Every structure is written in structure tokens, then in C-alpha cells.
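Please look over the sequence and the model below.

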Amino acid sequence: MGCSEGIEAVRKHDAEAFKEYGWFAHIIPDPDFPNGMNYHTHGLDVSYNHKDIQVCLSINPKLIHSLVTDVIDQIKKGQTFESGQVVSRIIRGMNVTFANAKEDNRDVLRMIFPDSAGLLDRKNMVDERFKAQYDGTTP
């Protein structure tokens, strides 16, 4: 679904996805976000009393969606994710963490991926694009 199909078609698709799944996602290339990427969900606050999830890392969108869907499956089972929490069951053999962020004036929880060395601590990360995931976040 894209802009070429018109904003009304996008809105219809979002409404249908929300009705069926209780949430939907957008992936928007945006230079105002770290790494020029803003993947974010809508509806988790309404359907599951949980902050929506955001990813700001330019990697395969299908992979991002799959990993976020895994997180949402855990939320549906009652798991709550919070800023600063390190989670080992999202990516096999690697940890992810979460940080508070803003997306279009909404409070969201940004999922932070480890760098190529498996590091999550910003000051120790070796790759700048992974460090950038923390830009605009708060504890």
C-alpha cells in the first residue's frame, strides 16, 4: 500500500488491519528520524494498553515487521516492555533493548538493536548507525 494508491486507500487499509489485528504499522523513510527510517505501530495503546513500538534502523523492512510482530505477540500474552529493559528472546543469540521516544508527538517505545559486535550500550557500540538509534530517546 503506498501513496500512489491515495491516502484514502491507505486509511482504509489501516482501519481494516486495526479491526483484524488490533494494530497496524507504517514504515516511512524520513530524514528527521535516526538513520532516515521511521517504522512505527499504531493501536497497541488502545488494544493492549501498551506503548506503540518504533524502529529507526535501516534494515530489511520485512525483518523489522517480523521482529516487531514477535514483540506484539508477547504483548498480547500480557508481557509489558519498558524503557531500559533488555530482552533476549526477540533475536536468537542477541539482546535488544527499548527506549522512550516520540513519533509525531506520540509517546512510543523504540526498539534498539545491537550492533555487529552484539553491543547495546551506546557508548560501546562501534557502528554509528546503530548508535544513532538512541538519538531523540529518553530513559
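The model is predicted: local features need pLDDT of at least 70, side-chain atom pairs count only at pLDDT 80 or more, and totals for chains, interfaces and linings use all residues. Residues are numbered from 1 along each chain as its sequence is written, and side-chain values use heavy atoms, with hydrogens and water left out.

**Core**

The largest nonpolar core has 27 residues. Such a core is a set of buried Ala, Val, Leu, Ile, Met, Phe, Trp, Tyr and Cys residues joined through side-chain atoms within 4.5 Å. Buried means under 20% relative accessible area, exposed over 50%, and partly exposed in between (1.4 Å probe, protein chains only). Phe98, Met111 and Phe113 touch the most other members. Two or more residues each come from strand 3 (52-55), helix 3 (61-76), strand 4 (86-91), strand 5 (94-103) and strand 6 (106-112). Helix 3 gives the largest share, six residues. Helices (H or I, at least four residues) and strands (E, at least two) are DSSP runs, numbered from the N terminus.

**Helix 3**

Helix 3 has 16 residues, and its end C-alpha atoms are 22 Å apart.

At the start of helix 3, a side-chain oxygen of Asn60 reaches to within 2.7 Å of the backbone nitrogen of Lys62. Just after helix 3, Gly78 takes a positive phi of about 105 degrees.

**Salt bridges**

The whole structure holds nine salt bridges. Each is a side-chain nitrogen of Lys or Arg within 4 Å of a carboxyl oxygen of Asp or Glu. Three of them are tabulated.

| Pair | N to O distance |
|---|---|
| Glu16 and Lys12 | 4.0 Å |
| Lys123 and Asp121 | 3.5 Å |
| Arg129 and Asp127 | 3.8 Å |

Salt bridges that share partners also join Asp52, Glu103 and Arg106 into one network.

Glu16 and Lys12 are four residues apart in helix 1 (residues 7-21), so about one helical turn separates them. Glu16 is partly exposed at 45% relative accessibility, and Lys12 is exposed at 56%. Lys123 is exposed at 69%, whereas Asp121 is partly exposed at 33%. Arg129 is partly exposed at 35%, and Asp127 is partly exposed at 25%.

**His40**

Is His40 buried or exposed? At 2% relative accessibility, His40 counts as buried. His40 lies in strand 2. A polar contact of 3.1 Å joins its side chain to that of Asn38. A polar contact is a pair of N or O atoms within 3.5 Å; within protein, one must be able to donate a hydrogen and the other to accept it, and residues adjacent in sequence count only if both atoms are side-chain atoms. Leaving aside neighbours within four places in sequence, His40 is in contact with Phe24, Ala25, His26, Ile28, Ile53, Gln54, Glu103 and Arg106.

Key. The expected span of a helix is 1.5 Å times one less than its number of residues. Contact means heavy atoms within 4.5 Å.
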